[in-house]
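Take a look at the chain shown here.

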Amino acid sequence: MKFRRQRPGEVSVNLTPLIDVVFLLLIFFMVSTTFTRETQLSLDLPEASGEARDAPEQQVEVLVDEQGRYRVNGQPLVDNRVRTIQSAIYKVSAGDTTLPLVIAADAQASHQDVVRAMDAAGQMGFVHLSISTRQPAETATGD
């Protein structure tokens, strides 16, 4: 009997399962990675120069100190929730959202406290919002 020899087939490595495993590992590491943001930046708030405007007779002034406490037209608030700020602003403005609202924040006040005051005013519908600044200190130069 004469048997025919079969030729050995071409030897190759199938890369499809390997690529699938690599993609699954990539997805696993992307999902399980925690992203941290560095929030320990120290910022010096800018000073503004310009003409000081005359304050209108009637305005709402929200003061924010460095501890995050609020005062609305000089009256301290019991806490720093948005609802408390809104009720104090409503009491001072009598619901008139066309009055100018001025936010005066301490240079060391956190950004969150200032944004909370802006958010409270924005939710109430105030459109004339100003943030007060101070004039830069005069520097002595020998010209």
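Valine 22 is partly exposed, with a relative accessible area of 48%. Partly exposed lies between buried (under 20% relative accessible area) and exposed (over 50%), with a 1.4 Å probe and protein chains only. Valine 22 sits in helix H1. Helices are DSSP runs of H or I with at least four residues, strands are runs of E with at least two, and both are numbered from the N terminus.

This is a predicted model: local features need pLDDT of at least 70, side-chain atom pairs count only at pLDDT 80 or more, and totals for chains, interfaces and linings use all residues. Residues are numbered from 1 along each chain as its sequence is written, and side-chain values use heavy atoms, leaving out hydrogens and water.

How confident is the predictor? pLDDT is its confidence in each residue, from 0 to 100. The protein has a mean pLDDT of 77, and 76% of its residues reach 70 or more. Over residues 38–46, pLDDT stays under 50. There the model has two contacts (heavy atoms within 4.5 Å) beyond four places in sequence.

Now the sheet. Five strands form an open sheet with mixed pairing, in the order S3-S2-S1-S4-S5. Strands S3 (75–76) and S5 are the edges, and each pairs on one side only. Two strands pair if DSSP finds at least two bridges between them. Strands S1 (residues 60–64) and S4 (residues 101–105) run parallel, joined by five bridges. Valine 64 has alanine 105 in S4 as its bridge partner.

Definitions and conventions. pLDDT is the predictor's confidence in each residue, from 0 to 100.
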